[in-house]
Amino acid sequence: MTLSKSQYIRGLQCHKSLWLYKNKPGLRDTPDSQTESSFNTGYDVGELAKELFPNGVEIEFDSKNFNGMVKKTKELISNGTEVIYEATFSEDGIFAMADILVRNSNTWDIYEVKASTHTKEYHKNDTAIQWYALSKAINLNRAYVVHINNQYIRNSKLNVQELFTIDDITDIVLEKQDEIPLQLAEMEEILNGEIPNIDIGKHCSDPHGCDFSSHCWKHIPKKNSVFDISYAMGKQWKLYYQGILSIDDVPDDFHLGKNATLQIKHHRSQEIKIDKPKIKEFLETIKYPINFFDFETFQNAIPRFDNQRPYAQMPFQYSLHILHEDGRLEHKEFLGDENSDPRRPLSDQMLKEITPTGSIIAFNQSFEITQIKNLALVCSDISDKLLALNERFIDLAHPFQHKHYYHPKFNGKYSIKVVLPTLFPDDDELDYKKLGSIQNGGDAMDTFANLYLLKDKSQLAEIKKDLLAYCRLDTLAMVRIWEKLYQFTEEEIWIKLKL
Ligand code: SF4
C-alpha cells in the first residue's frame, strides 16, 4: 500500500472516504468553484512562502514519474543543496512532498505552508505524516507550519517576512509519531477489505467537506429533511440516529429551540405568519429619501494594495436605489477599477450619491456597517462623514429575522436569497438565475478578485456588465421587498412606485 499525505488525512477523517477514493473514484462530487478558488489561493501562498527561503531548488511535479521526483530529491540532498521546494519522498508506504525543506547543518527542517491564518488541528496531522515519512530517509530537526499573519498591513512593497507567521510544532509532531504506524496498519486493512460500513455523521464535514457526500447522503430527503431544520444546534443528529429523516416525522415532544419549533409548526400547517402591527411599526422607522444600499467585497490572502490586510473584506462595488417621497426611483452604482485600490474612489462616490438625509436600508446591515467602519480607517480624512452614514442604517432583514413575517418556504432562514424567491416566485425581473455569469456574492467576489489577471481583455466589458447587473438586483430586490411589506400592511403607498 502507498498513500499520499492527503490520502492519509482523508483516511483519518473517514475510512470509508479513503476506501471510496481508492476503489470508486468516479463517485466523487465535482469540486465547486469555491474549492477551486481555495486551491488557487493555496498555490499562490505556497509560491510566495518560498521567498522566505530563497534560492532553493524545486522538484518539478511529474504525475507520470514520481520515482524521478524522489530520485531528484535524493540527488539534491547528497549534493549539498540548502533549500528544496516540494522535496519528494516515498518511504514506508507514504508518498510525501514537503513544501519547503531547509538544511540545518547535518539535519533538516520541514516547513509546511498553509493559506489559513492559524495552525489548524489537521495541519498538525499533515505535518506529522510528513515527518514520519521523511524521518525514514533523512535526519530531521524541527517541523514548522508557515501560515498567513492576518495582522499584517501592507505598506508599499510586500514584506514576506511579516506576511507569514511560523509556528514550531515539533513537539506535537513527535507526540503523534507513535500512533501513525497503527493508523497506517488500520488503513491497510480497510483497503484490503470490502467497503467499510460507516454511516454519515459530523465527520462528513470535519475537517473538510467530504467529496463523497452525494453518494453517502443519498438516503436523506432532498427537501425538508431534519438537516434542513435551522438553528437546531446539532440536534438533527439526535433525530437522525433515532431514524427520523424528515421534518414531518419529528415527534411533537422533541425539544428544539424557539426558531426550529416555529419552522416545524409552519411547515406542517403551511401557514404564513403576518404580524401587521409589527411590520407597520418597522416601516414607520424608515424616512424618505430611502437609500437601498448594498456592497460587494473581495478578499486577497496576499494583500495587493497599501493599507490592506490579508483576507480583509475589500468593498469594490455598490448599488444604490434611491426612492423619493414622490415615488421616483433612481439608480446609482459604482464598480472599481480592477487594477487599483477601489476603496477611496468608492467612498468618495458613495458620499456624493447617498442622499444627505433619509434612511439607508441594507439587508443584514451589520455587513455594510462593518465595511463602512473599515473604509473610515483607511480614509481617515473623511472618516467622520463615512461613520455618520452608519447612524442612518435600518435593517430590512429585521421583520423576517424577528418573524413579523414568516413563510413556510423560508425553512427557518431569513436571507434575501430565501426571502426574495418566496415573496416573488415567478418574477423574472427578480430571478438571480436569469442573470449572466454572476449569480451570487461568491461569484462576484471571486470574479473581481481575479479580474486584474484576465488575459483576454475583450471579456472585460461583459464581465463588468454582469457584475453591475448582479449588484443592481440586490438593491432592486430590497425595493420590492420593502414594497411588499407595505402591501402586507394593506397601505396603498407601494403603488406609487414608478421604475
Ligand atoms: S460522506 Fe461521510 S461517511 Fe461518506 S465517505 Fe465522506 S465522510 Fe465518510
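Which residue in E10 does Asn-291 stand opposite? Point 2 has the reply.

1. First, the ground rules. This is a predicted model, in which local features need pLDDT of at least 70 and side-chain atom pairs count only at pLDDT 80 or more, while totals for chains, interfaces and linings use all residues. Residues are numbered from 1 along each chain as its sequence is written. Helices (H or I, at least four residues) and strands (E, at least two) are DSSP runs, numbered from the N terminus.

2. Let me start with strand E9, residues 290-298. Asn-291 of this strand stands opposite Ile-322 in E10. E9 and strand E10 (residues 314-323) run antiparallel and are joined by nine bridges. Strand E12 (residues 360-362) runs parallel to E9, with two bridges between them; here Phe-292 stands opposite Ile-361. Strands count as paired if DSSP finds at least two bridges between them.

3. Staying with E9, how many of its nine residues are buried? Nine of the nine are, where buried means that 20 or more other C-beta atoms lie within 10 Å of the residue's own, exposed means 12 or fewer, and partly exposed is in between, with C-beta atoms placed from the backbone. In a regular strand the side chains alternate between the two faces of the sheet. Ile-290, Phe-292, Asp-294, Glu-296 and Phe-298 point one way from E9, and Asn-291, Phe-293, Phe-295 and Thr-297 point the other way.

4. Tyr-288 and Pro-289 are joined by a cis peptide bond, with omega about -10°, and Pro-289 sits in the loop between helix H12 (276-284) and E9.

5. Now the ligand. Its shell (residues whose C-beta atom, placed from the backbone, lies within 6 Å of it) includes Cys-14, Lys-16, Ser-17, His-203, Cys-204, Cys-210 and Cys-216. Helices H2 (15-23) and H9 (213-216) each supply at least two shell residues, and H2 gives the most, with three. By class, the shell has eight nonpolar, three polar and one charged residue; Ala, Val, Leu, Ile, Met, Phe, Trp, Tyr, Cys and Pro count as nonpolar, Asp, Glu, Lys and Arg as charged, and the others, Gly among them, as polar.

6. Please also look at helices H18 (residues 441-451) and H19 (residues 460-488). Their axes come within 11 Å and cross at roughly 145°; axes are lines fitted to C-alpha atoms, for helices over the stretch in contact, and angles run from 0 to 180 degrees between N-to-C directions. Ala-444, Thr-447, Phe-448 and Leu-451 in H18 meet Ile-463, Leu-467 and Tyr-470 in H19, contact being C-beta atoms, placed from the backbone, within 7 Å. This contact of H18 with H19 has six nonpolar, one polar and no charged residues.

7. Finally, two backbone angles. Most residues other than glycine have a negative phi, and most peptide bonds are trans. Asp-92, in the loop between strand E3 (83-91) and E4, has a positive phi near 50°. Asp-92 is partly exposed, with 14 other C-beta atoms within 10 Å. Ser-156 has a positive phi of about 55° and lies in the loop between strand E6 (140-148) and helix H6 (160-163). Ser-156 counts as exposed because it has 6 C-beta neighbours inside 10 Å.

How values were computed: Contact = placed C-beta atoms within 7 Å.
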